[in-house]
Amino acid sequence: MAEISKYVTLISNDGFEFVVLREAVLISPMIKSMIDSKSEDLFPFREARLSGRCNFEEISQPCSSGQVMEKVVEYFHYWYKNCEKEDVPDMDIPAELCLELLVAADFLGLDSKNLSRPRGD
Amino acid sequence: MQGTSGWVSNLNSIMSSRQQRAGRAIRGPHSALTDFLASQNISANRIREDAEARRNVANDSTAQSADAGASSTAANGDADELAEAETAQVATTADKAAEKKRKTQAAAIDKIKKSKAFKKRKRQDEESDSDGIAEAILAGRAAPLPGQMENCEICEKRFTVTPYSRAGPDGGLLCNKCGKELAQDNKDDQKQKKKKVKARGHARRQVASNRLDGVIGCKSLMTMCIQTLVNNIDLADDLGDMPAQIVDRVARQVAKRRILTPESLNLFLQSGFEDVTVYDAARLGSDDLIRIFQMVPKLTNLKLKNAIQFKDEVMDYLITRKTPLDSLYLHGANLVSEEGWNKFLVAKGKHLKSLRVYFTDKHVGDNFTASLKETCPALKCLKIAHNQEVTDAGIEHIAELKGLEHLSLQLITPTSTEPYVKVVNSIGACLRTLSLTGESLSDLDDRVLDAVHENCTLLRKLRITHSEVMTDAGFVRLFTNWANKPLTFIDFEKCRHIDSSKPRENAHLNGLCSDGFRTLMSHSGKSLKYLNVHACRHITREAFEDAFSLDKEYPELENLEISFCEEVTDFVVGCIFRTCPKLKNLNVFGCMKLKEVRVPKERFLSVCPMRWAWKLKVLRTELVTLVELVRYQVLYVQGCVLFNLGV
């Protein structure tokens, strides 16, 4: 298999593509299972694993629109940058996106019990 | 040119000072300060005139340059030697004066550069060069004095300078109106600054608070979303198709902030729901509580905390509905009368599987427990807490509830052993949970433990607290050859001997002591998740060391409470962490022999021995390394001021 790229592309259901650091993305158990080479060869995810492209186009979640995805990606980086620090200022979350983002966070498993430091694994 | 004008002004000032000296003989009324200054050879008048002269120089420099030019040509035109000499003399004097003036000005500017005001201004605008600022300040000092006329720096109107005239942003003076406006702006700025300072303190407290809540570092996206949602709860109309556990988390957060109002209640009421949990119903009226039953027809599990307005009328309404209630959790509903409860049990008791009642004043009493047998045949879980009406007789009625699997009592009226023995003998065989707690149990004796040993085989959770009469032998008998499977939850808080005159002596081995603790751990250690031996003071160090010796392992233990067990040492705590791989929380309040505990990563330790706090204060560097070691744990050190200093 070709060398794994440092970056992963996430595609929202309205066609926006986000290129995100692989290590940052692994915080989401959902995406991790899509792209992790250790996970089983489940058919729909095999492509994602090989190409490093996670396609949310067919997942008809309201949470995978570009707008929400942008915030999610922002969180990935926020978390990647700050996870080792104490006293981190909260990320700014617009009130109107809050509900969709909440569903997205639930879908992607971005819950406190799943948060672990990336360099540890 | 400058030199000439400087000389003129200098001459002026010399002359005026001479006049002054001459005039000093005539004395008007003087202040003490003027006298003092005069004795020091300082004259306010002279200072003022000097300043005025300097100002005139600055103001008229352009005008005077023309004059000076004219005079110099005139001097050139005259071939008169005397005149020439005079001019030369004038020129040299002027040069000297100018030199002197430049020096004094340079010194003043240097001084200003060192001053606070300069530094402040410099901070405000980093870009402008320092000389410019210093000159501006100098010019500001040389501003017109009270009583003079001046052009306002902002609106350029002419106005009379008063002692209260304010300096403008560029060093000039402002008229009354503009000054007021500027002052207002400054005030707003200051307010913002104050707010910022406040916010900083708030942030520090928030960090400490989060630490105690176990939230350290980055929050999860979910937590932040829920926070934002709760902050804007008024804007939300509907939570949509949110999974139930998220709705529950939102409900908890709303309750924590105490902002659950009749309006926001609607978010948690959807016709499809089967569970409704309101963690803080204090702001809801009876009508709002009735609305719960109207809007959620399929309601099976209802949990209401602080449900003060849950009155008879709400009960009456509930009785008329076909709500298939399985489980009722009512907290603080002390306005429901005895009759109201009775009607409810008669109408709805048939399907009721779980009934939990907290904080009822007078109306849940012996009659209530007596009627349960008839009205609630399916009851599996009964909890009566903070109740002052149920007595021994009431407890005996519970013995007839044959289907009961979970029994939890926290009574206030003192009770005796016999009714509990009767209950355990009668229904103990089915019980999964037996929780007896509260001050009312101080006379509970070994017979209850024996009854539990005899009858209970399915227990998972056992809690018996506050008994002062039970003995170590009783606990040993309970756990030796007990047919029950290992328990997951044990709480023997405050089962200890109390004698204020001889607090250390325990001749009859009352309470949970060493042997009881050893047998407890060998019986249930394998599956124990929660163990509380709070204040069981007579468990010895040897017993702890035996129980947590390194060849043993307690694979499930997550929470251990050993506060006020006096014999716990650093070694014991170390052993505990080694033998309990899943341990998350260890509570060691009041364990005075602890001096220096090393907490492994991802574990929590709550500590509060005063002596420890003192030690931390002395050895602050140690604290820092300790905190470094345990960076991701909660370190709760009550009474230690340094903890709040951001270490």
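This is a predicted model: local features need pLDDT of at least 70, side-chain atom pairs count only at pLDDT 80 or more; totals for chains, interfaces and linings use all residues.
Local features are reported only where pLDDT is at least 70, and side-chain atom pairs count only at pLDDT 80 or more, whereas totals for chains, interfaces and linings use all residues. Residues are numbered from 1 along each chain as its sequence is written, and chains are lettered from A and ligands numbered from 1 in the order in which they are written.

The secondary structure of chain A consists of five helices and three strands, where helices (H or I, at least four residues) and strands (E, at least two) are DSSP runs numbered from the N terminus. Read from the N terminus, these elements follow the order β-β-α-α-α-β-α-α. Of the 121 residues in chain A, 31% are buried, a residue being buried if 20 or more other C-beta atoms lie within 10 Å of its own, exposed if 12 or fewer, and partly exposed in between, with C-beta atoms placed from the backbone. When contacts in chain A between residues at least 6 apart in sequence are considered, 68% join residues at least 24 apart; two residues are in contact if their C-beta atoms, placed from the backbone, lie within 7 Å.

Between the chains, 20 residues of chain B are in contact with 23 residues of chain A. Helix α8 (residues 221-231) of chain B supplies the largest share of the side of chain B that touches chain A, namely eight residues.

Within chain B, the axes of helix α13 (residues 338-348) and helix α14 (residues 366-375) come within 10 Å and cross at roughly 10°, which makes α13(B) roughly parallel to α14(B) (angles under 35 degrees count as roughly parallel, over 145 as roughly antiparallel, 65 to 115 as roughly perpendicular and the rest as oblique). The residues of α13(B) that meet α14(B) are B:Glu338, B:Trp341, B:Asn342, B:Leu345 and B:Val346, and their partners in α14(B) are B:Asn367, B:Phe368, B:Ser371 and B:Thr375.

Further along chain B, B:Ser524 is found in helix α19 (residues 514-524), and B:Ser524 counts as buried because 24 C-beta neighbours lie inside 10 Å. Leaving aside neighbours within four places in sequence, B:Ser524 is in contact with B:Pro486, B:Leu487 and B:Ile490. B:Ser524 and B:Tyr554 are 30 residues apart in sequence, while their C-alpha atoms are 9.3 Å apart in space.

Technical notes. Axes are lines fitted to C-alpha atoms, for helices over the stretch in contact, and angles run from 0 to 180 degrees between N-to-C directions.
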